[in-house]
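Student: Could we go through this one slowly? I'd like to know what stands behind each label we use.

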Amino acid sequence: MTYLDYAATTPVDERVLEAMMPYFSQHFGNANSLYKTGRDAYHALEAARESIATGIGAARPSEIVFTSGGTESDNTAFISVLNRIAPLSAGGGHIVASAYEHPGVLNVLKWLGKQGYETTLVSPCSDGFVHADDLEAVMRPDTKLVSIMHANNELGTVNDVKALAECAHSHGALFHTDAVQSLGKTAFDVQDLGVDMASFSAHKIYGPKGMGGLYLRRGVNFDALIKGGGQESRRRSGTQNVVGAVGFAKALELCLEERDEEQARLSALRDHILQRVTESLENTQATVSAGKRVGGIAPLLINGVEGESMLLQLDNLGYAVSTGSACSSGSLDPSHVLLSIGVKKEIAHGSLRVSMGRYTTQDDVDGFIDALIPIVERLRAMSPVYQKYFGKES
Ligand code: PLP
């Protein structure tokens with residue numbers, strides 16, 4: 001199989017696995033136990049926290065709360081903070097997110113709307129970015145929290161989070177960013193960007209699934225979402241996933257060490273795909289093609305064919321790609337991300353997201369392009385829609 005869906009998940013790097021192994025059965029203790037095995041686990045957990053804090057430029061390790069992943073971090077950022085700073089019992093307030101967030105943000109926003117908060121979605125522009133002017137236009141005196149993702153998972157576009165956070169702060173609102181797709185791929189420093197909260201996930205950076213983190217700036221008022229034994233300094237109860245934390249920290253360390261070279265390599269592969277596919281197939285375009293983007297994501301719109309049909313035929317030939325985000329690719333609805341940037345429904349159906357990573361080679365990419373072209377030509381030849389709207393007059 002040629003795996004080209006690294007934005008959905010990544011394999012665990014061997015070096016990460018090696019770092020994790022001793023914590024499965026040798027240092028297996030509960031990080032809250034007072035005897036030696038427990039203390040060993042505690043030290044590993046705290047070393048991981050410190051390493052991640054340093055990796056994201058946090059002022060102190062205690063600003064990292066370990067969670068089960070990006071979705072839990074996103075949910076926590078909203079629910080835990082709003083419970084404290086704007087409880088519904090005191091009238092709630094207004095919250096803002098971008099329209100192309102991951103469902104981990106969008107669905108919690110929808111739920112909070114049903115509970116009584118006022119919510120606004122700010123649309124990104126057709127270039128794939130959320131601009132501070134557009135955020136400014138929806139801010140209100142009662143806006144309590146703004147959440148705008150750093151890198152988008154379908155387009156790869158990297159938002160100017162510093163400007164967006166400044167805008168939120170100028171109105172007295174807190175700012176959260178979902179940095180799941182940007183961590184380890186582009187510069188991310190919480191103090192430089194000025195964010196109050198940020199969500200991370202280990203499985204997008206060659207770490208284990210079910211492991212993530214929330215950066216919570218000291219001073220942000222917070223009420224634990226998961227209540228219980230009071231672990232994570234009473235911010236997230238449950239016996240800590242020490243082996244996951246060790247893997248997450250090692251994964252981030254490796255990504256940061258290799259980032260610049262790796263991102264340059266992946267950007268070149270992305271540009272190669274976008275160029276060769278759009279040159280070889282008419283009525284095909286890069287969904288976005290300019291501005292700051294993470295390296296490995298090549299988003300394509302191939303008119304007149306269903307993304308799912310391409311995906312299944314590519315799968316038959318051993319290529320794993322996606323039509324959009326992993327979460328929406330199981331449904332036949334066009335991607336909310338594409339609709340949010342103004343792509344028409346009919347066109348959005350022909351979306352293909354190719355995402356590359358650490359083990360992707362130039363041969364993989366060329367093999368994929370060589371496989372894709374005849375698939376699209378065959379599907380178009382059979383498609384009455386394509387013939388009607390895009391076919392040549394006979
Ligand atoms: N946020 C973004 C931008 C993502 O791409 C994803 C995963 O696809 C998530 C959040 C969810 O992360 P997790 O799978 O760790 O819950």
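Tutor: Let's take the terms one by one and hold each value against its definition.

Tutor: Bear in mind that this is a predicted model, where local features need pLDDT of at least 70, side-chain atom pairs count only at pLDDT 80 or more, and totals for chains, interfaces and linings use all residues. Residues are numbered from 1 along each chain as its sequence is written, and side-chain values use heavy atoms, with hydrogens and water left out.

Student: Why is Ser126 called exposed?

Tutor: Its relative accessible area is 57%. The cut-offs are under 20% for buried, over 50% for exposed and partly exposed in between, with a 1.4 Å probe and protein chains only. So Ser126, at 57%, counts as exposed. You'll find Ser126 in the loop between strand 4 and helix 6 (132–138), and its C-alpha atom is 6.0 Å from that of Gly342, 216 residues away along the chain.

Student: How do you know that strand 5 and strand 6 pair?

Tutor: Pairing takes at least two bridges found by DSSP. Strand 5 (residues 143–147) and strand 6 (residues 174–178) have three bridges, so they pair, and they run parallel. As for the word "strand", that is a DSSP run of E with at least two residues, while helices are runs of H or I with at least four; both are numbered from the N terminus.

Student: What makes strand 2 and strand 4 edge strands?

Tutor: The open sheet has seven strands in the order 2-8-7-6-5-3-4, with mixed pairing. Strand 2 (64–67) and strand 4 (118–122) each have a single partner strand, so one side of each lacks a neighbour in the sheet.

Student: And what makes strand 9 and strand 10 a pair?

Tutor: They share three bridges in the antiparallel sense, including Gln285 with Leu301. They belong to an open antiparallel sheet of three strands, in the order 9-10-12.
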